[in-house]
Amino acid sequence: MAAPRDWLGAVEEEGNSGLQGSSGVEVVFPSDPATPAPLCPHGPTLLFVKVNQGKEESRRFYACSACRDRKDCNFFQWEDEKLSEARLAAREAHNRRCQPPLSRTQCAERYLKFIELPLAERRFCQRCQQLLLPDDWEKHREHWVVGNISASQLGRPSQLLRPLENKKTNAQYLFAERTCHFLVDLLPALGLTRVLCVGTPRLHELIRLKASGDEKSNIKSLLLDIDFRYSQFYMEDSFCRYNMFNHHFFDGKAALEVCRTFLQEDKGEGVIMVTDPPFGGLVEPLAVTFKKLIAMWKEGQSQDSSHKELPVFWIFPYFFESRIRQFFPSFCMLDYQVDYDNHALYKHGKTGRKQSPVRIFTNIPPSKIILPSEEGYRFCPLCQRYVSLENQHCEHCNSCTSKDGRKWNHCFLCKKCVKPSWIHCSLCGHCALPDHSCGAPKDGCFICGELDHKRSTCPQITASKKVIKAVRKQKQRKSKKTKMETVKEQSMNHTSVTRKKKRRERAHQYLCS
């Protein structure tokens, strides 16, 4: 696993970069949707293209929608590539092999049998991450098996299952209890009774537990998540295996109809979508997916309600604000810091750069969302919203400007508030870190400054690499030669000593005789 701090910086850099004029890989959504995208184990692939200065550099290609690392899913196909029947058949066979061993219906049937077992016979295999029926015991005899699985444990599968911590694919950083309870307690105050949990398994668990233990609670939830392991803990009407990067339901139309029915129940009243995508995921495909879910909700609305919006909580790092608002202009960012149990950095209560950068983006008016005062949040009457204690109102910007929980300073030259660690640079003409590369090219190569290539392919670094490689080889040869000479010298010395010893022994024998 990569160092979290380095990875967070890379994600922040991506979040701060704009779509236009940037360099990297972008998603392309074809104008002709009639042409289906090829399939990988994670559903329909996405079309990508490498761009530089806003211009396409190479051929378009299809790659996995969920995995940005080819070690996790190595699917790759040029857009104009023609595949033989044999390759297509091999790909279909590979996709089938990568699917879970049990169907959604089989998992539901096993769950019903499992809950009927006496407590002493309820077992869970930690190695295989699977609930075990008595017929399975022999196969898992040498595995690490946990027994006496209680009803409360079945109700909290995220605590039984081992989190998948691939930051770019699954990234199961699970909400802390503080965050879960804040969200659940907020729902009744907003008049919400149904929650579509997109990639938020722990929130789904708490809603169901509260509904089962409190007769007054009428809140229901449906979990959409790519992790198939949750299939063994929920029936078909409370969990659908789903890829949020391509709006793909793995169990087909049946699962799609479950989601549609949930969104359109009571003519779509009282429902909210809460989503917590992997932070390494691309914003654009996520936005396209969420708009499809919103459109599904709108299908059940009457014409008189066409002006209404589906309430949404999109949980993402604060430095993606501009990217999210490009697709959802009505969204605003709350100051509430979302924290996670199994992430070292995303912890509430820390200060400075160590505090959680994760926020809630929503289309609900922020004045309606009360943040807990015992955690240091206060109401700003000028902004008409709750903000963190350090987020002071700037009279020049006429806003509480801080994004990261620290007190920001107003720069009169930039005419805006900036982070406290930034200073105004007269050469660059804007505020930046004191040790920034002043006047460095924003795009292109950071070594020679040319715009037609990146640092990794710079001729200067390529030439220097060749020199370094040649010097390294020369040193290795010299070291090897020195080592061989040392071994040879040691061998000769050993032979010489042996010969002298034998001569002394012969002389001694001669004198004694």
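Reader: Which strands does helix H9 lie across, and at what angle does it run to E16?

Author: In this predicted model, H9 lies across E11, strand E13 (239-243), E15 and strand E16 (312-317). Relative to E16, H9 runs at about 170°.

Reader: In what order do the strands of that open sheet stand, and which pairing does the sheet have?

Author: The general idea comes first. Strands of a sheet pair through backbone hydrogen bonds, either parallel or antiparallel. Here the open sheet has eight strands in the order E14-E13-E12-E11-E15-E16-E18-E17, and its pairing is mixed. At the edges stand strand E14 (248-249) and strand E17 (332-333); each has a single partner strand, so one side of each is left without a neighbour in the sheet.

Reader: In which sense do E11 and E15 pair, and over how many bridges?

Author: Strand E11 (residues 194-198) pairs with strand E15 (residues 271-275) in the parallel sense, over five bridges. Arg194 stands opposite Val271 in E15.

Reader: Which residues of H8 and H9 meet?

Author: From H8 come Leu256, Cys259, Arg260, Leu263 and Gln264, which meet Leu293, Met296 and Trp297 in H9. Divided by class, this contact of H8 with H9 has six nonpolar residues, one polar and one charged.

Reader: At what angle do H6 and H7 pack, and how far apart are their axes?

Author: Helix H6 (residues 177-189) packs with helix H7 (residues 201-213) at an angle of about 55°, and their axes are 10 Å apart. H6 is therefore oblique to H7, and H6 passes H7 in a right-handed crossing. On the H6 side the contact is made by Glu177, Cys180, His181, Leu183, Val184, Asp185 and Leu187, and on the H7 side by Arg202, Leu203, Leu206, Ile207 and Lys210. The residues of this contact of H6 with H7 comprise seven nonpolar, one polar and four charged.

Reader: In which sense do E19 and E20 run, and how many bridges join them?

Author: Strand E19 (residues 377-380) and E20 run antiparallel and are joined by four bridges. Phe379 has Tyr386 in E20 as its bridge partner. The hairpin of E19 and E20 has four residues between the strands, and Gln384 in this hairpin takes a positive phi near 60°.

Reader: Is Ser388 buried or exposed?

Author: A residue counts as buried under 20% relative accessible area. Ser388, in strand E20 (residues 385-388), has a relative accessible area of 9% and is therefore buried. Leaving aside residues up to four places away in sequence, Ser388 touches Asp335, Gly376, Tyr377, Arg378 and Gly405. The C-alpha atoms of Ser388 and Tyr336 are separated by 7.4 Å, although the two residues are 52 residues apart along the chain.

Reader: Where does His42 lie, and which residues does His42 touch?

Author: His42 lies in the loop between strand E2 (39-40) and strand E3 (43-44). His42 counts as buried, at 14% relative accessibility. Beyond residues up to four places away in sequence, His42 touches several residues, including Cys64, Cys67, Cys73 and His248.

Reader: Where is the place of Tyr340?

Author: Tyr340 is in the loop between E17 and strand E18 (358-362). At 1% relative accessibility, Tyr340 counts as buried. The C-alpha atoms of Tyr340 and Thr179, 161 residues apart along the chain, are separated by 8.0 Å.

Terms used. Residues are numbered from 1 along each chain as its sequence is written. This is a predicted model: local features need pLDDT of at least 70, side-chain atom pairs count only at pLDDT 80 or more; totals for chains, interfaces and linings use all residues. Side-chain values use heavy atoms; hydrogens and water are left out. Contact means heavy atoms within 4.5 Å. Helices (H or I, at least four residues) and strands (E, at least two) are DSSP runs, numbered from the N terminus. Ala, Val, Leu, Ile, Met, Phe, Trp, Tyr, Cys and Pro count as nonpolar, Asp, Glu, Lys and Arg as charged, and the others, Gly among them, as polar. Two strands pair if DSSP finds at least two bridges between them. Axes are lines fitted to C-alpha atoms, for helices over the stretch in contact, and angles run from 0 to 180 degrees between N-to-C directions. Buried means under 20% relative accessible area, exposed over 50%, partly exposed in between (1.4 Å probe, protein chains only). Angles under 35 degrees count as roughly parallel, over 145 as roughly antiparallel, 65 to 115 as roughly perpendicular and the rest as oblique. A crossing is left-handed if the near helix is turned anticlockwise from the far one by less than a right angle, and right-handed if clockwise.
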